[in-house]
Amino acid sequence: MASPLASRRTGRRLAADAGLLVVAAAFVLPLAWVILSSVDPHADLRVKAPDGLTLGNFTAVLKPDITFTPLLNSLLLCGGGTLLTVVCAALAAYPLSRFPSRLNRPFLLTILFATSLPITAIMVPVYALYVRVNLIDTLQGTVLFFAASQLPFAIWLMKNFMDSVPKELEEAAWTDGANSAQSLVRIVLPLMAPGAAVVTVFSFVMMWGNFFVPFMLLLTPDQMPASVSINEFFGNRGMVAYGQLAAFSVIYSTPVILLYVLIARRLGGGFALGGAMKG
Amino acid sequence: MSTARRGVRARSLTRALPVAPAVVLLFLFLAGPIAYCAYIAFTDLQLTGQAHSSFVGFANFRTAFRDEAFLNAVWLTLVFTVLSSLVGQNTLGLALASLMRRASKPVRTLTGGIVITAWVLPEVVAGFLLYAFFRREGTLNAILDWLHLPRQNWLFTLPILAVSFANVWRGTAFSMLVYSAALDDIPKEITEAVEVDGASGPRRLWHITLPMIRRSIGTNLMLNTLQTLSVFGLIWVMTRGGPGNKSQTLPLFMYEQAFQNSMIGYGTAVALLLLLVGSLFALVYLRLLRTEV
C-alpha cells in the first residue's frame, strides 16, 4: 500500500470523525437536557449542570395517578394490540409464505400499499365511526384499531422472516402426519423466533410511542396511556415543573429504548427498506 | 373430474383460512374507516347533537379551496415536507451514512447511538425536548448568547422552521440506516478502483455513488415524505399549530376543523385530500419496489 494513499485515508478519517462529532453534539443537546433536568432540583428549559443531584423529581412523579396508572394503561393497550397483531400476522403469513397462489402477489401489494398510508388522515373518520358503533372511549376499540393499523407492516415483515425457514424441515413433519397448524407452531415459529421477536418488539414500540390514536379514541382521563397523560404536566396549573416532566419522560422512554437495543442487531438497513416507518 | 376440482378448491380454501382474522381486522378497522372517510367527506356531518347529516356533494371541497386557512395549511405542509424530509432528513442521513464509512469505530458508534436514540424516543417526548430546546429561555438561545449572536423567540417568530428542525432531529436516523445499507451494497472493487483513480469527492458522489443507490434514494424519499405528511404529535406538543396558524400543517388543520370547530364533514374532506396525496406517494413507492415483491 502506497503511503500517500494511506495518509490520505488517515486524513479523511479525521475529517469524517470531526464531521460526525459536530452532528452528534447538535443531536445530543435535547437528550442532555432531559437527563440533566431529571436529576436537577431547579430544572428549567436550558441545558445546564444540575444545581446538585436529587432523585426528588422521580419520587415526585412515581405516584399512582401520575405514573403508574398511565404506564399500566399503556401496557394494556400496547400489550393487547401487539398480541393481536402478532397472532394475526403469523397466521396470515403462513399460507402466504408456504402455498403458492395467484392471489398472493395482489394481496402482498395491497398490504405494502397499506403500510405506507398516512394513518393520521383517517383518525377523524375513525372517531366518527367509533361514536356510531359505541367503541369510542373503550380499551378494546383502541386495541383493535392499533392492531389493524400495525398489521400490514407486521404481515409483511413476518412473511419475509418466514420465507427464510426452509420448507424441507416442515415436509418431514407433514409425512409424520402433522397438520399445518402443528407445523406452524412447533416448527416454523420456533425456527423464526428472532424474526417473530423483531415483529413483536417493533409493533409494541410503535404503539407505545403513538400519541394520536389514543388521543382521538379515548376520552376518560383514567384510561389515558402515558403518551397522552404526559401533556398534563403542561396542564392548567400554570407553572410547569420541568424537572418532573423530564423525570417522567425518562421513565416513559426507557422501556422502548431498552427494547430497541434488544433487537437492534437484527434491524439491518434491509429491514428499514422493507416497509414504512411512521411516527 | 368436477369432484376433484371441488376438492382442490376446498383445499385451497382451508389453506387460506389462517389469513381470515387479519383480513377481517383490516376490513373492519382500516378499509372500513377509509370508505367511511370517502363517504362523510361529502356530507355536512357535525360533532354536536345533529339528528342526521345530509349529502352536500363537493361543497366541502369548494369551501376548502376558498378557505385561506386551508391554503395556508397546504403551503405550510409543503414547506414542512420539503424542509424537513427532502432537504433535512434525506441529505443529513446520506451525509451521516457516508461519513460513517470513513470514521473511526468509537465515533461511529457514538454518533449512531445518539441519532438513533432521537428516533426511538416516543413522539411526544421528542416534542417536549425540542420545545425546551427552541423556547425563548431554552438551550438554543443560551448557545446563541454565548456566541454573541442575536437571539430569537423561535417558536413565536419562525415556528414552522422550528418544527421542521424538530422533525429532522427525530427522523434522520431512518434515512441514515437506509443509506448505510445501500452504501454497504456497493461492491468494494468499485469504491477501491475509484479511489485509486483519484477522482475528486464531489465527482465520485455524483457519477458513482448516487447512481448506484438511486433506488434507495427513491424509496427513502417516498417513505420520509409519507412519514412527514402524517406528523401530528410533534407539532401539537411544540406549538399546537400556532401562534395563530403559523405552524398549522394539514393534520392539525383537519383536527381543528373536526373538533374545535365541530365540522366533522369538512375535517374529513381535508383528511380525504391528505389520504389521496399519501396514496399517490405510496403508489410511487410500490412502483419503485416492484422488482422486489
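Which domains does the domain assignment of chain B give? The assignment gives domain 1, covering residues 2–40, and domain 2, covering residues 68–292, and the centres of these two domains of chain B, taken over C-alpha atoms, are separated by 37 Å. The model described here is a predicted one, and its two chains, A and B, meet in a contact that takes 75 residues from chain A and 82 residues from chain B.

**Chain A as a whole**

- Chain A has 13 helices and zero strands, and its radius of gyration is 24 Å, well over the 19 Å that the globule rule gives for 279 residues, so chain A is more spread out than a compact globule.
- Taken along the principal axes, the C-alpha atoms of chain A fill a box of roughly 75 × 70 × 35 Å.
- Of the 279 residues in chain A, 46% are buried, and among the contacts in chain A with a separation of 6 or more, 76% are accounted for by residues 24 or more positions apart.

**Chain B as a whole**

- The C-alpha trace of chain B spans about 70 × 70 × 30 Å along its principal axes.
- Buried residues make up 46% of the 293 residues in chain B, while residues 24 or more positions apart account for 72% of the chain B contacts with a separation of 6 or more.

**Transmembrane annotation of chain B**

- An unreviewed UniProt entry places the feature "transmembrane region" at residues 20–42, 73–97, 109–134, 154–179, 221–243 and 263–286 of chain B.
- One of these spans, residues 73–97 of chain B, is 100% helix and 0% strand, and its end C-alpha atoms lie 33 Å apart.
- Another span, residues 154–179 of chain B, is 96% helix and 0% strand, with 31 Å between its end C-alpha atoms.

**Where the chains meet**

- On the side of chain A that touches chain B, the elements that each supply at least two residues include α1 (3–38), α3 (64–98), α6 (139–163) and α12 (242–264) of chain A.
- The largest share of that side of chain A, 16 residues, comes from α1(A).
- By residue type, the side of chain A that touches chain B divides into 55 nonpolar, 13 polar and seven charged residues.

**The largest nonpolar core**

- The largest nonpolar core holds 165 residues, and those that touch the most other members are Ala89(A), Leu151(A), Ile155(A), Met158(A), Met238(B), Val270(B) and Ala271(B).
- The largest share of this core, 15 residues, comes from α6(A).
- Leaving aside residues up to four places away in sequence, Met158(A) touches Ala89(A), Ala90(A), Ala93(A) and Val199(A).

**A closer look at Phe128(B)**

- Phe128(B) lies in helix α6 of chain B, which covers residues 123–134, and Phe128(B) counts as buried because 27 other C-beta atoms lie within 10 Å, where the cut-off for a buried residue is 20 or more.
- Not counting residues up to four places away in sequence, Phe128(B) touches Leu245(A) and Ser249(A) in chain A as well as Val237(B) in chain B.
- Along the chain, Phe128(B) and Ser279(B) are 151 residues apart, and their C-alpha atoms are separated by 31 Å.

How values were computed: Residues numbered from 1 in each chain as written. Chains lettered and ligands numbered in written order. Predicted model: local features only at pLDDT ≥ 70, side-chain atom pairs only at ≥ 80, totals over all residues. Helix = DSSP H or I, 4+ residues; strand = E, 2+ residues; numbered from the N terminus. Buried ≥ 20, exposed ≤ 12 C-beta atoms within 10 Å, placed from the backbone. Contact = placed C-beta atoms within 7 Å. Nonpolar A, V, L, I, M, F, W, Y, C, P; charged D, E, K, R; others polar. UniProt positions renumbered as here; feature names shortened; annotations may be inferred. Domains from an automatic or database assignment. Core = buried A, V, L, I, M, F, W, Y, C linked by C-beta atoms within 7 Å. Rg over C-alpha atoms; globule rule 2.2 N^0.38 Å.
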